[in-house]
Amino acid sequence: MEAVKVEGVGPESEVEDLGRCIDEISTTVIQLEQRVNDVEQFYMTTDNMQLTTTKCSSAFKDKVKEKQLSSIEKQQQEASHREAAALKRMQDLMHQFAMILRQITQHKWARPFMHPVDVEGLGLHDYYEKPMDFGTIKSKMEAKDDTGYKNVREIYADVRLVFKNAMKYNDERHDVHIMAKTLLEKFEEKWLQLLPKVAEEEKRQVEEDAKAELDMKLAQEAAHANMARELSNELCEIDSQLDKLRQRVIQKCRKMSTEEKKKLGTALTRLSPEDLSKALEIVAENNPGFQPAAQEVDLDIDAQSELTLWRLKVFVQDKLKLAGKCSEVVDCSNINNNENTIKSNSKRKREISDALTKNAIKRTRKLSHNS
């Protein structure tokens, strides 16, 4: 940033000090802006249940991880316990299913279905679409890797396939067809006895998965709501620092002359109605008795404090410059212009942060009520 020149300011070192203050505040505002944008991005993509890694800063993601650490650890522990309990319940169901399968395979008619079919010898050229036999089923049930069965329904489907294949490739009057049909009926009867337990476990799994997903979403919402509140507080602190800096700058500016006050009064009349209302609000900030929204407003320039006068000068110059009506209204503008820009940005970001906080609280409550 270029050296800041303020008319009436004493030693050069004090001017440099004010410039450093502005630089520091500007840097902080830029960082806060990035964090506000990241929080806003989270809520824009929250339905995806993940942060977009290409759009979120690494510092922000680290802060999110820090905020969510204890909550995530708790979620992981609970998930681990649920998975262990679900695995044990499924193993119990598989054990019960294995007993049913053992009864079927021990039947005297089960022998033709214990080993893979001699496809080439029997000329069954399309049989390899879905071949199945009890020997293969047993191997998959005993497998300890990913080739094994994940649940009872998978085993049930393969057992039915053994009998369905036999019935499909053998005539209805053939012994193998009759044996397969008979054993299938016996198997279905026993399966119906186990089915209620299987259905209950499947329903429980769906409910637990939904709860786990909801808990994680709530944890993410809570973490980002806390971050939004922190951002709001930090932006309020920036506003406070700017107020103090403005006071320092105004104190170092020379007293406004009568001629300058007259020019300021004239410049105020050139503002648009909307900008004039904002200028009157500036007056009201340091003059509690002043009513900026009244039908008729009597503004006594000479009665205003130096702080109010210099703030009006900065504001009027900015607005007239934007409107193409620039006039020489301000002398002490460099620091105040920078400070005013930072003030505007921090206020805008704080409003976004406050809105995100309220939105996060509302979403969290809604999710909690639905759980």
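Predicted model: local features only at pLDDT ≥ 70, side-chain atom pairs only at ≥ 80, totals over all residues.

User: Against which helices do the buried residues of α7 pack?

Analyst: The buried residues of α7 pack against α8 (273–285) and α9 (306–322). In α7 itself, which spans residues 258–268, the buried positions are Glu260, Lys261, Leu264, Ala267 and Leu268. Seen down the axis of α7, these residues fall within an arc of 120 degrees, so they line one face of the helix.

User: Which exposed residues does the face of α7 turned away from its buried side carry?

Analyst: That face carries Thr258 and Lys262, both of them exposed.

User: Let us turn to the overall fold. How many helices and strands are there in the protein?

Analyst: The protein has 10 helices and zero strands. Its pattern along the sequence is accordingly written α-α-α-α-α-α-α-α-α-α. Of its 371 residues, 37% count as buried.

User: How is the packing of two helices described?

Analyst: Two packed helices are described by the angle between their axes and the distance between the axes. For α4 and α5, the angle is about 170 degrees and the axes are 10 Å apart. An angle over 145 degrees counts as roughly antiparallel, and that makes α4 roughly antiparallel to α5.

User: Which residues of α4 and α5 meet?

Analyst: From α4, the residues are Phe134, Ile137, Lys140 and Met141; they meet Ile155, Asp158, Val159, Val162 and Phe163 of α5. Two of the residues named, Asp158 and Lys140, also form a salt bridge, with their closest N and O atoms 3.8 Å apart. This pair links distant parts of the chain, since Asp158 is in helix α5 (residues 152–168) and Lys140 in helix α4 (residues 134–142), 18 residues apart. Asp158 counts as buried at 12% relative accessibility, whereas Lys140 is partly exposed, with a relative accessible area of 27%.

User: How many salt bridges does the count come to?

Analyst: A salt bridge is assigned when a side-chain nitrogen of Lys or Arg lies within 4 Å of a carboxyl oxygen of Asp or Glu. By this rule the count comes to 13. One of them pairs Arg89 with Glu201, where the closest N and O atoms are 2.7 Å apart. Arg89 lies in helix α2 (residues 58–105) and Glu201 in helix α6 (residues 175–252), so the pair ties together parts that are 112 residues apart in sequence.

User: Are Arg89 and Glu201 buried or exposed?

Analyst: Residues under 20% relative accessible area count as buried. Arg89 has a value of 18% and is buried; Glu201 is buried as well, at 5%.

User: With what other residue does Arg89 form a salt bridge?

Analyst: Arg89 also forms a salt bridge with Glu208, the closest N and O atoms being 3.8 Å apart. This pair again links distant parts of the chain, Arg89 in helix α2 and Glu208 in helix α6, 119 residues apart. Glu208 is buried, with a relative accessible area of 18%. Through shared partners, salt bridges join Arg89, Glu201, Arg204 and Glu208 into one network.

User: Let us proceed to the nonpolar core. Which residues have the most contacts inside the largest one?

Analyst: The largest nonpolar core has 31 residues, and those with the most contacts inside it are Phe97, Phe113 and Phe163. At least two residues of this core come from each of α2, α4, α5 and α6.

User: What is Phe97 in contact with, leaving aside its neighbours within four places in sequence?

Analyst: Phe97 lies in helix α2 and counts as buried at 0% relative accessibility. Apart from those neighbours, Phe97 is in contact with Val152, Ile155, Tyr156, Val159, Phe187, Trp191 and Leu194. The C-alpha atoms of Phe97 and Leu195 are separated by 10.0 Å, although these residues are 98 residues apart along the chain.

User: Which residues does Phe163 touch, not counting those up to four places away in sequence?

Analyst: Phe163 touches Ile104, Phe113, Phe134, Ala180, Leu183, Leu184 and Phe187. Among them is Phe113, itself one of the residues with the most contacts inside the core.

Note on methods. Residues numbered from 1 in each chain as written. Heavy atoms only, no water. Helix = DSSP H or I, 4+ residues; strand = E, 2+ residues; numbered from the N terminus. Buried < 20%, exposed > 50% of the residue type's maximum accessible area, 1.4 Å probe, protein only. Core = buried A, V, L, I, M, F, W, Y, C linked by side-chain atoms within 4.5 Å. Contact = heavy atoms within 4.5 Å. Arc of directions from axis to C-beta. Axes fitted to C-alpha atoms, helices over the stretch in contact; angles between N-to-C directions. Parallel < 35°, antiparallel > 145°, perpendicular 65-115°, else oblique.
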